[in-house]
Amino acid sequence: MMGERFQSFGLATPPAPRAILADDAIALMKSGGAKNGSLLAYGNGRSYGDSCQNEAGMVVDMRSLNRIRAFNAETGLLEAEAGVLLCDIIAHAAPYGFFPAVVPGTQFVTLGGAIANDVHGKNHHRRGTFGCHVESFTLLRSDGRTYRCSSADNARLFRATIGGMGLTGLILSASIRLMRVHSLDIVEKATPFRDLGEFFALAEAADQANEYAVAWIDQLAGGRGSGRGLLFTGNHAEHGSHSASRPGGRLSVPFQPPLNVLNRPFLTAFNAAYRWKKGRSPKPRQVGYQGFFFPLDGLGDWNRLYGPKGLFQHQSVVPEDTARLAVPALLEAARRAGQGSFLTVLKRFGGVRSPALLSFPRPGFTLTLDFPNRGEATLALLKELDRITVEAGGAVNPYKDARMGAETFAASFPEWHRLEAFRDPAFMSSFWARTARKLDPRHGTSEAAE
């Protein structure tokens, strides 16, 4: 493992100090020799914060467990090891007319990571989270036993592991049910909206009429242009490609710039060009799946553009009845702080319930912002965004976080102690250590504050 950096994608948290190969970790766990808090599974490092880090112990490199074991081309049921990447699942299933029912914003996540974070996508209003499509998985715990988990077998452990951020043990393999599609291509339509009020008026009807829906917001626009953006809707094309294209693009950021390239003048020009290019025609157009689902995958190591201090991402969800006040307040707080977000995404979550014990999506609207790390000024802004979110009755996404306080986590996930009850004692993350482990399970408040 020498020379490898097991870093979170946001680059704002230190890389894991120590790592162990999956086979070695499996042998250690089966022998009963894993120490308390010493392990945490590490997939492909696409989490933005420290939920994939274990500063006090080791991370387990799961990428060697990368085989697709079986696929039923009639039912779409796929069995694979936990280290298989989503792009490999897409490539394997596409010729048979299947696609993952839920995909996040990158195809470079592992199967185990998608389950552990219960990721969501542009079609939450129809398909819910990734966990909704998990049939079963095998889980190794530090007692040396391997558990088959499903809604019928070890059901409580099944629910705790989906969305459990890797804390219940080591997912070795899983069976998931894919979705039958006409093709991989997407018929996309971009509808401009002048402000957030117009977006809210469009959002529910867009969800009802389309498989996929998501909005881009021009976060820097103020005055009469405040809240303007583009609403993207999409459906799988009836006549299109059934072959997966090469994942990622040919372009990459070859080195770490000494400073943040995504400054305000760049973002202002980018937003204007993006809005013009994407919104100039109201007509639907057929596009490739990679550009629709995974636009940032087309530029390798794009996170380097934020400079050597990395970035922080803030994703919130607020209920529908408070969103019309909370979302403008979140955007205004960022503008007032002079912080520009490269890609600002707003989406409506539906009511499909996840089987997970803890899951971030819930009915309402979710706003995602990312900011270059400018030290205390950025941390102060993120704290203010937390405050607005919690006061609106919402939640902050833990697997995209690198700094939220314990009280914010408790307010976002008041049932957090139920996951702690299922946590394997040998497993710990830097995120869990700085949030849940500082809370009193009786009250959900920080011990230090009592």
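Me: How many cavities of 30 Å³ or more does the structure hold?

Reply: This is a predicted model, in which local features need pLDDT of at least 70, side-chain atom pairs count only at pLDDT 80 or more, and totals for chains, interfaces and linings use all residues. Residues are numbered from 1 along each chain as its sequence is written, and side-chain values use heavy atoms, with hydrogens and water left out. A cavity is a set of points on a 1 Å grid over the protein atoms alone where a 1.4 Å probe fits but cannot get out. The number of cavities of 30 Å³ or more is 3.

Me: How much space lies in the largest cavity?

Reply: A volume is the space filled by probe spheres set on the grid points, which are joined across faces, edges and corners. For the largest cavity this is about 70 Å³.

Me: By class, what lines the largest cavity?

Reply: Lining residues have an atom within 4 Å of a point. Among them are N117, D118, M165, F409 and F413. Ala, Val, Leu, Ile, Met, Phe, Trp, Tyr, Cys and Pro count as nonpolar, Asp, Glu, Lys and Arg as charged, and the others, Gly among them, as polar. The lining has 7 nonpolar, 3 polar and 1 charged residues.

Me: Which residues lie nearest the centre of the second largest pocket?

Reply: A pocket is an open set of points with protein on both sides within 12 Å along at least five of seven lines. The second largest pocket has a volume of about 410 Å³. Its lining divides into 9 nonpolar, 7 polar and 5 charged residues. Of the 21 lining residues, those nearest its centre are R353, A356, L357, S359 and P361.

Me: How many residues of β19 are buried?

Reply: β19 (residues 364–372) pairs antiparallel with β17 (residues 311–318) over 8 bridges. β18 (residues 344–349) also runs antiparallel to β19, joined by 5 bridges. Buried means under 20% relative accessible area (1.4 Å probe, protein chains only). In β19 the buried count is 9 of its 9 residues.

Key. Buried means under 20% relative accessible area, exposed over 50%, partly exposed in between (1.4 Å probe, protein chains only). Helices (H or I, at least four residues) and strands (E, at least two) are DSSP runs, numbered from the N terminus. Two strands pair if DSSP finds at least two bridges between them.
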